[in-house]
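Good morning, and thank you for coming. Please look at the sequence and the structure on the screen, and I shall take you through them part by part.

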Number of protein chains: 2
Amino acid sequence: MGVQGLRTRRERAMGNSPLFYRQPVHLVRGEGIWLYDDADRRYMDAYNNVPCVGHCHPRVVEALQRQAGTLNTHSRYLSEVVVEYCERLMALHGDPLSVLQMCCTGTEAVEVALKMARAFTGGQGIVCSNATYHGNSAEVFRMTVGPFEPDFRRVPFPEAYRPIREGASESELCDLYLAEIEAAIEGFAADGVPLAGMLFCSIFANEGLPDVPAGFMRKAAALVRDAGGVVIFDEVQAGFGRTGRWWGYEVMDCVPDIVAMGKPMGAGLPLSGVGARPDIAEAFHAKAFYFNTTAATPLQAAVGSAVLDVIEDEALLANVNAVGGYLKDRLAGLVGGIEGVGDVRGHGLFLGVDWVADRETRKADREGAAEIVERMKEKGYLISNAGRFRNVLKIRPPLVFAREHADALFDALVETLEEASGG
Amino acid sequence: MGVQGLRTRRERAMGNSPLFYRQPVHLVRGEGIWLYDDADRRYMDAYNNVPCVGHCHPRVVEALQRQAGTLNTHSRYLSEVVVEYCERLMALHGDPLSVLQMCCTGTEAVEVALKMARAFTGGQGIVCSNATYHGNSAEVFRMTVGPFEPDFRRVPFPEAYRPIREGASESELCDLYLAEIEAAIEGFAADGVPLAGMLFCSIFANEGLPDVPAGFMRKAAALVRDAGGVVIFDEVQAGFGRTGRWWGYEVMDCVPDIVAMGKPMGAGLPLSGVGARPDIAEAFHAKAFYFNTTAATPLQAAVGSAVLDVIEDEALLANVNAVGGYLKDRLAGLVGGIEGVGDVRGHGLFLGVDWVADRETRKADREGAAEIVERMKEKGYLISNAGRFRNVLKIRPPLVFAREHADALFDALVETLEEASGG
C-alpha cells in the first residue's frame with residue numbers, strides 16, 4: 001500500500017497522532033542501524049535510542065521468545081528471573097541505589113519517582129527545569145506546561161552557549177544557576193510548600209544537551225539535600241550507555257537518591273524502572289499503594305537482561321566513547337566553517353548541533369533545523385531537531401553505530417548544512 | 001532457590017512490593033490454565049485475566065518473535081501492522097467508536113480517556129464510583145482515594161445485594177442510583193466546575209460485580225450527555241470476551257463515547273488503548289500533546305492481533321458463555337446450602353461469591369474470604385478476594401477454561417467453603 005493510502009487509513013483509525021516528516025516514512029523492517037521502507041529503500045537510523053542494541057537484535061528476539069514461551073505473569077508471585085534482573089540492574093548503579101521498582105513507560109517511572117520523593121520527605125515541592133519534558137501523564141506534564149504550579153518550581157537550566165549572564169566565567173555561571181535553585185527552594189518555603197526534591201534529566205537532553213558548568217550538579221544536589229529534599233535524575237534518555245557511561249549522572253559526577261529509567265531499557269518492549277535508596281523505597285511502599293499489572297514481569301526481566309548482555313558482550317560503552325568522540329570531533333570542526341553551525345555539544349552517541357540564523361547573536365533557527373532534518377531524510381539519514389528552541393540537530397543512533405556509519409552521516413550532514421547555508 | 005531465600009533477595013532488590021499469599025508461590029512456568037512452581041507443583045489458574053488466551057499461547061509467542069525480528073519502532077513512522085490492528089480492534093466496537101490511541105498500561109489508558117473527555121467538552125468534572133480503582137497515577141488514583149476532590153464526584157455504585165434502600169424494587173433502585181448521579185452533576189454546576197463526563201468500569205468489577213438495575217447504564221449515560229458530558233467506560237477488566245461478549249458495555253446495553261482497554265489486550269505484553277468517537281479523538285489531538293514512545297508499536301500491534309486471532313479462532317466467547325454460565329449455575333446452587341455464601345454474581349468467566357458472616361445481615365466477612373483464598377491455593381487453585389469489602393471470592397480464569405476445569409474448581413471450592421463454615 002502506498003504512503004498516501006496508508007496515511008489516510010491511519011488518520012481514520014488513529015486520529016491525528018503525530019508523524020515525522022512532511023512525507024512520512026512507511027517502514028517495514030529493521031536491522032542494526034538500518035531501517036527499510038516499503039520500497040526497500042534503506043535509511044540510516046541516527047535518531048532512535050530505544051533500539052539501543054540495534055534494530056531486531058537476535059539476542060533480544062530470542063529472550064522474548066524464550067520467556068514468553070515459558071512464563072509471564074504479574075509480580076505478586078515470586079519470580080527468580082525478575083529478582084535477578086533487579087539485582088543485576090541495580091548493581092550497575094552507584095551506592096546507595098539498590099532497590100528497583102519496574103514500570104512500563106518513562107512517564108510511569110517519573111510518576112513513581114515523584115511519589116517516592118514525596119512519600120519519603122513528606123514534602124510536595126519539586127524543583128525542575130524550565131524547558132523540560134518528562135512524560136505525558138497529568139501530573140508529570142505539569143512540569144512541562146508551567147509557568148506556575150504551586151508545587152513545581154521551574155528554574156533556568158544551566159548552559160554555557162546562551163548563558164544566564166553574558167560574559168560570565170564558568171564558575172560565575174555555576175553560582176548564578178545555583179542561585180536560581182536556592183531561590184526556588186526559598187520560594188517553596190515562603191509559600192509553605194515543604195520541599196520534596198529536585199528532578200532533572202541528568203544531561204538536560206530536551207533542553208538541548210547544554211554544556212553544564214563544572215560541579216553544578218553536585219552543588220545543586222547539596223543545596224536540595226541541605227533543605228531536606230531528595231535528588232531525582234531522569235535517565236530515560238541518558239541511561240544504558242548513551243553517554244559512554246552507564247548513566248548520565250556519572251558524566252555529571254553526582255549520584256542521585258532516585259533514578260528514573262526507560263526507553264532503551266527494554267529495546268522496544270515497554271519497560272521502565274525507578275531505582276532508589278532502600279529507605280526511600282521503604283517509605284514509598286509503606287505510604288503509597290502501588291501495583292502495576294504488566295510491570296515487573298518475567299518477560300520484561302528477560303528482555304531487560306538480554307539488553308544488558310548485549311551492551312556488555314559487544315563492549316558498547318567503549319564503542320560509544322570511540323565513535324561518539326570521533327563524530328563529535330568531526331562535527332566540532334564545522335564551527336567557524338559553516339555559518340549556521342553555532343555550537344556542537346553532547347556526550348557519547350548523543351550529539352547536538354545548534355543551528356543558528358546568526359552566529360554573532362546565536363539566534364536559533366528552528367525552521368532551518370527542521371528543513372535540514374527533512375533533507376537528511378530524503379538522503380536516507382534519520383535525525384531530528386530538539387532543544388529549547390527546537391533548533392538543535394539531534395544525533396542519537398543505536399549504540400552499535402560504527403566509525404564508517406559516522407563518516408557517512410557526517411558527509412551527508414556537511415553537504416546538507418552547506419546547502420542550507422546557501423553554500 | 002527456596003521460597004524463603006528468594007523472598008529475602010526480592011525484598012532487598014524490589015523492596016516491599018506486594019505479594020500474594022502468606023507463603024508466596026514461586027512460579028517457573030505456565031501453560032494454558034496451569035501454572036507450575038519450582039517444585040513442579042501444578043496450580044489451576046482461576047485468577048489471571050491478562051493471559052486471557054491461556055499462559056504461553058504458541059500463537060502469541062510466535063507473533064512476538066516474528067514481529068520483534070522484523071521491525072519494532074515508535075509510532076511516528078507509518079506502519080501498516082499498527083494501522084491494521086487499530087482498524088480491526090475498533091471494528092469490534094459499536095458505532096460511533098472508531099479511533100484508537102494505543103498506550104502501554106491500563107492506568108495510561110484511563111489517563112488518556114480523562115484527557116479526551118476534558119479536551120472535547122472543555123469541562124473538568126468527572127462522575128465516578130465510590131468504591132473504585134482505575135489505576136496508579138497521581139491523577140487517576142484521585143478517583144480511588146477520595147472522599148473529596150473538586151473535579152471528581154464519587155457516587156454510590158448501583159447494586160442489588162446491599163442496596164441503597166432496603167426493600168426497594170429494581171426500578172425504584174434504578175431511580176435512586178440515578179438520583180445520585182443527578183446530584184453529582186448538580187453539585188458540579190453549583191461549584192462552577194463544568195462537567196466533562198462519567199467514568200465507570202462497565203461491570204463494576206472492583207466494586208464486586210454487583211447486579212445492576214436494568215436500564216441503569218443507559219439512563220445514567222443519558223443524564224450525563226444531557227448535561228454536556230461524555231460517557232467513559234473502563235473495560236480494562238471487562239473487555240476482550242471476559243463477560244461472554246466482547247465488551248462489558250454490551251452486557252449493560254450502553255455504548256460509551258470513550259472506552260479504555262488494557263490487561264488481556266496484549267496477553268502479558270504491556271498494551272492498552274483508548275477507543276473514541278472521531279470528534280473526541282480530534283479534540284484530544286488538537287488540544288493535548290500526546291506521544292508515548294513505546295506505544296502504538298508494531299510489536300504491540302502484532303501481539304494484540306494474535307490475541308484477537310485466538311479469541312476468534314478458538315471461539316472463546318462461546319466457551320466463556322458455556323463454561324461461565326455452567327459454573328455460575330453451580331455456584332448459585334450453594335446459596336442457602338452453605339451459610340457463608342451470601343450471593344453469587346458476575347458475567348461470563350468473571351464470577352464473584354459474596355462471603356458473609358451472617359446471611360441475614362449480609363455482613364461481609366473479609367478475613368474469612370482471605371482465608372478461603374489461602375486454603376484454595378494450598379489445594380492448588382488460584383483465586384482472589386475483591387469487592388468494596390474485599391469479601392467477594394473472585395473467580396476469573398483465562399478464557400480457555402473448560403467444563404472439567406470448572407468442575408474441579410467447584411469441588412475444591414465447595415470443600416473449602418464447607419470447612420470455612422465449620423461444616
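Predicted model: local features only at pLDDT ≥ 70, side-chain atom pairs only at ≥ 80, totals over all residues.

How many bridges join strand β3 of chain A to β14(A), and do the two run parallel or antiparallel? Strand β3, residues 42-45 of chain A, is joined to β14(A) by 2 bridges, and the strands run parallel.

Let us now turn to a sheet in chain B. As a reminder, the strands of a sheet pair through backbone hydrogen bonds, either parallel or antiparallel. In chain B, 7 strands form an open sheet in the order β4-β10-β9-β8-β7-β5-β6, again with mixed pairing. Its edges are held by β4 and β6 (152-155) of chain B; each has a single partner strand, so one side of each lacks a neighbour in the sheet. From one strand to the next, the twist averages 20 degrees. Within this chain, strand β5 (residues 125-129) and strand β7 (residues 195-201) of chain B pair in the parallel sense over 4 bridges. There, B:Cys128 stands opposite B:Leu199 of β7(B).

Next, the packing of helices. Two packed helices are described by the angle between their axes and the distance between the axes. In chain A, helix α3 (residues 80-91) and helix α10 (residues 298-313) pack at about 40 degrees, their axes being 8 Å apart. α3(A) and α10(A) are therefore oblique to each other, and their crossing is left-handed. On the side of α3(A), the residues A:Val81, A:Val82, A:Tyr85, A:Arg88 and A:Leu89 meet residues of α10(A) that include A:Pro298, A:Ala301 and A:Leu308. By class, this contact of α3(A) with α10(A) comprises 8 nonpolar, 2 polar and 1 charged residues.

The axes of helix α12 (residues 366-378) and helix α13 (residues 403-420) of chain B come within 10 Å and cross at roughly 135 degrees. That makes α12(B) oblique to α13(B). The crossing of α12(B) and α13(B) is right-handed. Among the residues making the contact are B:Ile372 and B:Met376 of α12(B), together with B:Leu413 and B:Leu417 of α13(B). Its residues divide into 6 nonpolar, 2 polar and 3 charged.

Finally, how are the chains arranged? Two copies of a chain are related by a rotation about an axis and a shift along it.

Across the interface, 70 residues of chain B are in contact with 70 residues of chain A. The element α1(B) gives the most to the side of chain B that touches chain A, with 7 residues. That side has 33 nonpolar, 25 polar and 12 charged residues. Of the interface residues of chain B, 100% are also interface residues in chain A, so the copies meet through the same surface.

Terms used: Residues numbered from 1 in each chain as written. Chains lettered and ligands numbered in written order. Axes fitted to C-alpha atoms, helices over the stretch in contact; angles between N-to-C directions. Parallel < 35°, antiparallel > 145°, perpendicular 65-115°, else oblique. Left-handed = near helix turned anticlockwise from the far one by under 90°. Contact = placed C-beta atoms within 7 Å. Nonpolar A, V, L, I, M, F, W, Y, C, P; charged D, E, K, R; others polar. Pairing = 2+ DSSP bridges.
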